[in-house]
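The following account leads the reader through a predicted model. Please keep the sequence and the structure in view while reading.

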Amino acid sequence: MSGRRLVRTAAWAATAAVATVGGYAGLVSGALPVDLGVGRRVRPLGPQTLDIAAPRDVVFDVIAQPYLGRATRAMQEKVRVLERGSDMVLAAHVTPTGGRWKAVTVETVRFSRPERVGFRLVRGPVPYVVETFALTELPTGTRLLYEGELGTDLWRAGAWWGEKVAARWEAAVAGSLAVVKEEAERRARR
């Protein structure tokens, strides 16, 4: 192989590697959303159910606080409200995905006090996500039910990607629900 041809081949390989890594990083982080509208497949998220020893109003307030009130310092690193209305906000959510990478999703969050908080993805690693936190009063507190749907494009390849994203998405939700439970129960004890 001639020197020029070797240089061209190496340059092409380096360009392909940079494009692949950059495309993957953009997809994972939500900076390069892929919404082609072809081959859409939708899969469920959840359900996850959590019983919380706190009144429903308290649980609702804990969920809504970073969006409608003043976020704690820890939540300011995870949630940034971009636009606020009376019953809906547009918010950026930052989720660590491993190493130095973080996913930034943008979602609308709609509040129906005191029984429901709904989320709809605007920008993220997949083109479609809708989620609901439904709150039901119990004699001993509140039952929080999380469920939703996640959709991807491009048939089987998209479904594979959706499974990867859904696993991390549901793990992040489970972590958030644990924080909600802990804080709501702490407030209820006061």
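**From one threonine to the core and the pocket**

Leaving aside residues up to four places away in sequence, threonine 132 touches Arg116, Val117, Gly118, Leu145, Tyr146 and Glu147. Threonine 132 belongs to strand S6. Its side chain forms a polar contact of 3.2 Å with the side chain of arginine 116. Threonine 132 counts as buried because its relative accessibility is 18%, and the cut-off for buried is under 20%.

In soluble globular proteins, nonpolar side chains tend to be buried together. The core here has 32 residues, of which Val59, Phe133 and Leu144 touch the most other members. H4 provides the largest share, 8 residues. Leucine 144 has contacts that include Val59, Ile63, Phe133, Leu177 and Val180, with residues up to four places away in sequence not counted.

The largest pocket holds about 1300 Å³. Its lining comprises 45 residues, and Lys78, Val94, Thr95, Ala172 and Ser176 are the closest to its centre. Among the elements that give two or more residues to this lining are helix H1 (3-29), helix H2 (56-68), strand S3 (88-98) and helix H4 (155-189). H4 gives the most, with 16 residues. By class, the lining of the largest pocket consists of 26 nonpolar, 8 polar and 11 charged residues.

Technical notes
Residues are numbered from 1 along each chain as its sequence is written. This is a predicted model: local features need pLDDT of at least 70, side-chain atom pairs count only at pLDDT 80 or more; totals for chains, interfaces and linings use all residues. Side-chain values use heavy atoms; hydrogens and water are left out. On a 1 Å grid over the protein atoms alone, a cavity is a set of points where a 1.4 Å probe fits but cannot get out, and a pocket is an open set with protein on both sides within 12 Å along at least five of seven lines; lining residues have an atom within 4 Å of a point. Grid points are joined across faces, edges and corners, and a volume is the space filled by probe spheres set on the points. Helices (H or I, at least four residues) and strands (E, at least two) are DSSP runs, numbered from the N terminus. Ala, Val, Leu, Ile, Met, Phe, Trp, Tyr, Cys and Pro count as nonpolar, Asp, Glu, Lys and Arg as charged, and the others, Gly among them, as polar. A nonpolar core is a set of buried Ala, Val, Leu, Ile, Met, Phe, Trp, Tyr and Cys residues joined through side-chain atoms within 4.5 Å. Buried means under 20% relative accessible area, exposed over 50%, partly exposed in between (1.4 Å probe, protein chains only). Contact means heavy atoms within 4.5 Å. A polar contact is a pair of N or O atoms within 3.5 Å; within protein, one must be able to donate a hydrogen and the other to accept it, and residues adjacent in sequence count only if both atoms are side-chain atoms.
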